[in-house]
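Subject: Structure for you to look at

Hello,

Here is the structure I promised to pass on. Please open it first, then read my notes below.

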Amino acid sequence: MGKLDGRVVLISGAARGQGEQEARLFAAEGARVVIADVLDEQGEALAEELRGELGKEAARFVHLDVGREEDWRAAVAAAKDAYGKVDGLVNNAGILRFNELVATPLEEFEQVVRVNQVGAFLGI
Ligand SMILES: NC(=O)c1ccc[n+]([C@@H]2O[C@H](COP(=O)([O-])OP(=O)(O)OC[C@H]3O[C@@H](n4cnc5c(N)ncnc54)[C@H](O)[C@@H]3O)[C@@H](O)[C@H]2O)c1
């Protein structure tokens, strides 16, 4: 019996990195995982792999740009359509940019805010 049996968890930025590992761990613990990311190919491949290992309900991929409210609405609707509910969220998606602040173009600053702050806010 897994620690997350019966739970449905949406993980943003789950196509690679820490989000991917969270998706693998949660699925191994019995959760049905909604892998949400802008990286469609990698996200689909991970969902497919987890379904192959753990059964056809184990995971599904949804395209999600966390800075877009309409993407969140569509992702939650897809999760509810597939599994009937959402129990948990991992607001994992995030980006890092390494410019010094005074050398950071406004566009880049706004992109970081959009993904790391607006994205987390919309997720909640
Ligand atoms: N790796 C570390 O040492 C570390 C340390 C502290 C915090 N973090 C945080 O943990 C999180 C994951 O980090 P990581 O190292 O796995 O990074 P990563 O770059 O490997 O993975 C980030 C994932 O987020 C996705 N993503 C980026 N922009 C997105 C958007 N607009 N919408 C949806 N998905 C988007 C990417 O496609 C990618 O799959 C980030 O929020 C990062 O800031 C990482």
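One cut-off before the findings: exposed means over 50% relative accessible area, buried means under 20%, and partly exposed lies in between. Keep in mind that this is a predicted model.

Salt bridges

Start with Arg73. Its relative accessibility is 59%, so Arg73 counts as exposed, the cut-off being over 50%. Arg73 makes a salt bridge with Glu69. The closest N and O atoms of that pair are 3.0 Å apart. Both residues belong to helix 3, which covers residues 69–83. They sit 4 residues apart, about one turn of the helix. Glu69 is partly exposed, at 41% relative accessibility.

Asp71 has a relative accessible area of 11%, so it is buried.

The structure holds 8 salt bridges.

The largest pocket

What is the volume of the largest pocket? It is about 450 Å³. The lining is made by 20 residues. Closest to the pocket centre are Gly13, Asp37, Ala93, Gly94 and Ile95. Helix 1, strand 2 and helix 4 are the elements that each give two or more residues to the lining.

Gly43 is in helix 2, residues 40–54. Is Gly43 buried or exposed? Its relative accessibility is 0%, so Gly43 counts as buried. Neighbours within four places in sequence aside, Gly43 is in contact with Ala15, Ile35 and Phe61. Leu54 lies 11 residues from Gly43 along the chain. Their C-alpha atoms are separated by 16 Å.

Gly30 is in a loop. That loop runs between helix 1 (17–28) and strand 2 (32–37). Gly30 has 25% relative accessibility, so it counts as partly exposed. Which residues does Gly30 contact, leaving aside neighbours within four places in sequence? They are Leu4, Asp5 and Gly6. Gly30 and Leu122 are 92 residues apart along the chain. The separation between their C-alpha atoms is 26 Å.

A nonpolar patch

Last, look at the surface. Leu101, Leu106 and Phe109 form a nonpolar patch there. Together they have about 360 Å² of accessible area. Where is Leu101? Leu101 is in the loop between strand 4 (88–90) and helix 4 (106–123). With a relative accessible area of 69%, Leu101 is exposed.

If you want a place to start, go to Arg73 and Glu69 in helix 3. Then turn to the largest pocket, with Gly13 and Asp37 among the residues closest to its centre. Finish at the patch of Leu101, Leu106 and Phe109.

Best wishes

Notes: Residues numbered from 1 in each chain as written. Predicted model: local features only at pLDDT ≥ 70, side-chain atom pairs only at ≥ 80, totals over all residues. Heavy atoms only, no water. Patch = residues over 30% accessible without salt bridge, like charges linked within 9 Å, V, L, I, M, F, W, Y side chains within 5 Å. Areas by Shrake-Rupley, 256 points an atom, 1.4 Å probe, with all protein chains shown as cover. Salt bridge = Lys/Arg side-chain N within 4 Å of Asp/Glu carboxyl O. Buried < 20%, exposed > 50% of the residue type's maximum accessible area, 1.4 Å probe, protein only. Contact = heavy atoms within 4.5 Å. 1 Å grid on protein atoms, 1.4 Å probe; cavity = no way out; pocket = protein on both sides within 12 Å on 5 of 7 lines; lining within 4 Å. Points joined across faces, edges and corners; volume = space filled by probe spheres on them.
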